[in-house]
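Could you walk me through this structure in a few questions and answers?

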Amino acid sequence: MFEDFQFFVEVLISGLLTGILYSLVAIGFVLIYKASNVFNFAQGAMVLFAATTLVGISGFGLNIWFSALLTIPVMALLAYLVEILILRRMVNSTPISMFMATIGLSFVLLGLTQLIWGSGVHLLEFGLPSGQFIVGDVFINQFDLSVAAICAILVAGLVIFFQHTKVGLSLRAVAEDHQAAVSVGVSLSKVWVIVWFIAGIVCLVTGMVWGAKLGVQPALNLIALKALPVIVLGGLTSIPGAIVGGLIIGASEKLFEVFLGSAFGGATESWVPYVVAILFLLVKPSGLFGSTQIGRI
Amino acid sequence: MLYRIARRLPSSHSDSLRIIARKEDRAIALVAGLFILLVVPAIAGDYVLSALLIPFLILSIAAIGLNLVMGYAGQASLGTGGFMAVGAYTSYKLATNIPEIPIVLDFFLGGLAAALAGILFGLPSLRLKAFYLAISTLAFQFFAEWLFSKVSWFWNDNASGVVSIPAFDVLGITIEGPRQSYYLVCAIVAIMTLAAVNLMRSHVGRRWMAIRDNETAARLMGISVPAAKLQAFAISSFYCGVAGALWSFVYLKTLGVSSYSIDISFKIIFMIVIGGMGTILGSFIGAAFVLLMPVVLNAVTVALSLPIDTGSVSSLEQIFFGVLVIYFVLVEPRGIMHLLGKLHKKLVSWPLNIGR
């Protein structure tokens with residue numbers, strides 16, 4: 001019985017730590033959704049694009065950190081292009097057509113990535129530890145733990161940026177109310193570029209971490225789709241929600257797979273997160289921390 | 001000139017109920033129909049029939065299905081591939097285990113099974129909107145992919161994951177050559193298109209469109225929104241299910257879950273975005289466009305003898321589709337059908353509108 005419990009804790013912890021990876025993608029989603037009201041289906045493609053660009057640049061013989069630094073302006077350019085080519089022209093269109101446009105964007109990004117850098121699996125190694133250590137009787141993966149640390153640093157950085165800088169203040173103003181923000185002189189298009197750029201950097205970090213775990217490959221795009229149930233569960237507008245949602249999704253898919261998966265034939269991770277999210281939604285449609293939508297006639 | 005403008009108001013009830021209002025358009029439709037039935041099979045080679053026209057017709061059914069739920073009822077769905085898979089695997093199971101049932105009936109029973117799945121996974125639509133609904137249909141897509149790759153019962157415990165489908169009879173004729181397949185698919189497409197067009201002209205379609213345009217207003221008018229939404233999901237999934245069954249039985253002649261992946265769901269979304277949401281004819285135009293584009297791109301690279309390998313061509317294709325979808329969403333949200341509609345309007349008053 002005790003060994004069972006210890007095993008349970010190990011599975012739970014590894015699930016929670018995987019969940020942090022989902023949270024990373026989800027944070028990018030939430031940032032973009034809050035500021036531009038766009039449900040960005042291309043988030044996974046952006047992760048792949050950032051990671052592959054990084055690997056591609058380092059392929060010229062550059063240091064990995066230096067290539068990461070070079071990838072940042074690429075993401076800025078992407079944000080700028082998205083703003084002038086898509087967002088600016090889509091003001092006041094329906095959420096569904098915005099969503100369609102981001103599906104198109106994800107195809108463009110996936111195609112570009114494969115066209116420029118090929119579709120093979122690239123290894124990405126930047127010195128994350130890979131061993132395990134033992135707390136009590138429980139094995140913990142060092143890699144996953146360092147990912148958790150990276151996530152914490154990233155979130156802390158975002159919080160400082162949003163709460164203590166002037167740009168952050170204008171971003172929060174836009175997220176609160178577009179029209180009110182515009183009326184006091186905040187430039188919407190500037191804010192959109194900044195937010196998509198920040199989301200791009202989050203994508204870069206995510207891509208590096210995922211890439212170190214699984215290798216940089218087109219399948220990253222599909223894995224990043226797991227962030228969808230995460231934000232649905234946590235609420236579309238809440239960064240704490242994205243983190244908690246990621247933890248819940250990560251833990252539940254691992255626990256389900258390990259303890260019940262064999263009864264279902266295995267490989268249940270592909271759909272369990274979605275089912276968890278939907279069941280949760282039926283009880284609380286705005287998610288854990290999401291702002292409640294009030295429908296007015 | 002081309003169209004008679006005088007005396008074209010309906011003069012009787014049956015006149016006003018016609019599907020195609022103008023006499024001249026009916027003539028065009030008749031000629032097109034005869035062309036499709038008599039001339040196309042005579043002049044088209046086996047390759048064109050089996051690699052272009054048959055998949056085009058089958059995916060048109062799926063596009064109509066998605067258009068019903070997304071274009072008419074306004075409910076986003078990313079699970080088309082999943083519904084197609086339900087149709088295909090149900091038909092396969094029925095065809096192999098109960099050979100007494102005529103095969104065409106199997107296709108429609110597969111559609112019915114998909115409709116049941118549609119109702120089940122349409123249930124979230126009663127509480128969820130827009131993205132949330134898109135995600136719950138995405139859940140169905142992944143669930144279906146997993147189910148049909150893990151539970152070997154669905155493909156009769158065959159050793160390999162991809163099952164070949166034996167030739168089958170329809171009304172005593174064995175369907176083997178591309179011409180027989182073409183006529184079979186044509187017949188099914190004709191029936192289902194006619195049904196869809198008429199359904200959308202009836203109270204059913206009007207209810208859906210009312211919900212799409214303003215759900216609260218629709219509810220105030222006494223429309224039962226939950227029932228209508230589930231109805232939309234059921235009928236849409238029925239179309240997708242039949243298309244899925246035909247996709248395996250007539251086009252691929254094999255059954256494998258990889259042919260119903262999320263890629264095909266996206267493909268069909270692109271079809272209706274490009275062709276025109278909320279139009280039946282647009283589903284056909286979009287399907288033709290999406291299927292022909294790779295062929296044209298390939299032909300262009302071959303003709304110009306560009307030094308591009310196949311991998312790059314498929315990436316280019318992906319970029320091209322992405323750009324097209326963004327373009328249509330931004331610039332022409334009502335799709336090619338809207339452009340054709342404008343052209344038609346001009347033709348009707350031609351040549352009186354010259355200079356305007």
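This is a predicted model: local features need pLDDT of at least 70, side-chain atom pairs count only at pLDDT 80 or more; totals for chains, interfaces and linings use all residues.

Colleague: What is the radius of gyration of chain A, and what does the globule rule give for 297 residues?
Modeller: The C-alpha trace of chain A spans about 65 × 55 × 35 Å along its principal axes. Chain A is as compact as a globular protein of its length, because its radius of gyration is close to what the rule gives. The two values are 19 Å and 19 Å.

Colleague: Which elements of chain B give two or more residues to the side that touches chain A?
Modeller: In this contact, 36 residues of chain B meet 37 residues of chain A. The chain B side divides into 26 nonpolar, 7 polar and 3 charged residues. The elements giving two or more residues to that side are α6 (130-150), α11 (262-275) and α13 (310-331) of chain B.

Colleague: Are α4(A) and α13(B) roughly parallel or roughly antiparallel?
Modeller: Helix α4 (residues 95-117) of chain A packs with α13(B) at an angle of about 160°, their axes 7 Å apart. Angles over 145 degrees count as roughly antiparallel. So α4(A) and α13(B) are roughly antiparallel.

Colleague: How many charged residues does the contact of α4(A) with α13(B) have?
Modeller: The crossing of these two helices, α4(A) and α13(B), is left-handed. Their contact has 17 nonpolar and 8 polar residues. As for charged residues, there are no charged residues.

Technical notes:
Residues are numbered from 1 along each chain as its sequence is written. Chains are lettered from A and ligands numbered from 1 in the order in which they are written. Two residues are in contact if their C-beta atoms, placed from the backbone, lie within 7 Å. Helices (H or I, at least four residues) and strands (E, at least two) are DSSP runs, numbered from the N terminus. Ala, Val, Leu, Ile, Met, Phe, Trp, Tyr, Cys and Pro count as nonpolar, Asp, Glu, Lys and Arg as charged, and the others, Gly among them, as polar. The radius of gyration is taken over C-alpha atoms; the globule rule is 2.2 Å times the number of residues to the power 0.38. Axes are lines fitted to C-alpha atoms, for helices over the stretch in contact, and angles run from 0 to 180 degrees between N-to-C directions. Angles under 35 degrees count as roughly parallel, over 145 as roughly antiparallel, 65 to 115 as roughly perpendicular and the rest as oblique. A crossing is left-handed if the near helix is turned anticlockwise from the far one by less than a right angle, and right-handed if clockwise.
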